[in-house]
Amino acid sequence: MYPSRFRYEAPHSLAEAIDLLVAGGEEAKVLAGGQSLVPLMKLRFASPELIVDINNLPGLDYHRADPDGTIRVGALCRHADLERSALLTSKQPTMAAAAPLIADPIVRNRGTLVGSLCHADPQGDWASVVTALGGHVVVQGPGGRRTIPISEFVTGPFQNVLDHDEIAVEAVIPAPKGIPAGGYLKLERRVGDFATAGVAVALETSGDLVTRAGIALTGVGGSTIEAIEAEQALVGRPLTAQTIEQAARLTADAARPKTDHRGSAEFKRHIVRTFVVRILSRVDASAERAA
């Protein structure tokens, strides 16, 4: 199926792009990687009258770390850039673990982390990773810039708080105060498929104690789920078989899966629990080897 007719604009500055969105009103859409928007347009689930292609905007294809350790990912940074990133490998294990698992190589070459956050697919990987890390999104519109915590940015399945004339320009991961650790695991039927269930874990440790814990879930609810009780069960305690099992149980309890063609709700809760145990056990084993 072909998309319905639309007008196409490719501005060369952020100000020009915002002006186009203002003029286009609710019927304008931003295109960065296009890996979510274009398929929806081909199926006519989305029929924008105006496409504003931001790929010509300068200075948005970065990912970098500030001197304090804050990580910033620009709106045109591709998944593949993050997959090959030495920065993430050395500084942010949860993001480094997730990057190679995003969709398939074709999508990773064009799609963007920021675009994935904006798409707000409950089975999208980056939303749970950024949630576990306590990140936020920087957006710019006619009134200037504002910063939105990821917990407030996504409001439901395929819904976010962006005004029609705003562009998400950056995702920000705050600097860790302790030693970062964690990972991301997901179950998929085949490479590139949506997640049957996914788990992002981001810890910060000091000595033997967990000083911060973030756990978020992909694909087991109507939107990304943060397992707050499981996080609280880890903070201030060492990683032991008991604390790992407690966190895994509380995370599985936080999941809201539904039985479908990918598996039963009970099966998906089991996967969530297993993944939490696996990630936390790996963190514990790595800490023991480093000691």
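Analyst: The chain is split into domain 1 (7-52), domain 2 (63-173) and domain 3 (179-290), with bounds that come from an automatic or database domain assignment. This is a predicted model, in which local features need pLDDT of at least 70, side-chain atom pairs count only at pLDDT 80 or more, and totals for chains, interfaces and linings use all residues. Residues are numbered from 1 along each chain as its sequence is written, and side-chain values use heavy atoms, with hydrogens and water left out.

Between the C-alpha centres of domain 2 and domain 3 there are 20 Å. Contact, meaning heavy atoms within 4.5 Å, joins 22 residues of domain 2 to 26 residues of domain 3. The two domains bury about 1,900 Å² between them, 58% of it on carbon and sulfur atoms; buried area is the accessible area (1.4 Å probe) that two parts lose on being put together, summed over both. Of the area that domain 2 buries against domain 3, 29% is supplied by Pro 122, Gln 123 and Ala 132, more than by any other three residues.

One salt bridge is counted between domain 2 and domain 3, the term requiring a side-chain nitrogen of Lys or Arg within 4 Å of a carboxyl oxygen of Asp or Glu. Asp 125 forms a salt bridge with Lys 186, their closest N and O atoms being 3.0 Å apart.

On the side of domain 2 that touches domain 3, helix H5 (93-98) and helix H8 (125-132) each supply at least two residues; helices here are DSSP runs (H or I, at least four residues), numbered from the N terminus. H8 gives the largest share of that side, six residues.
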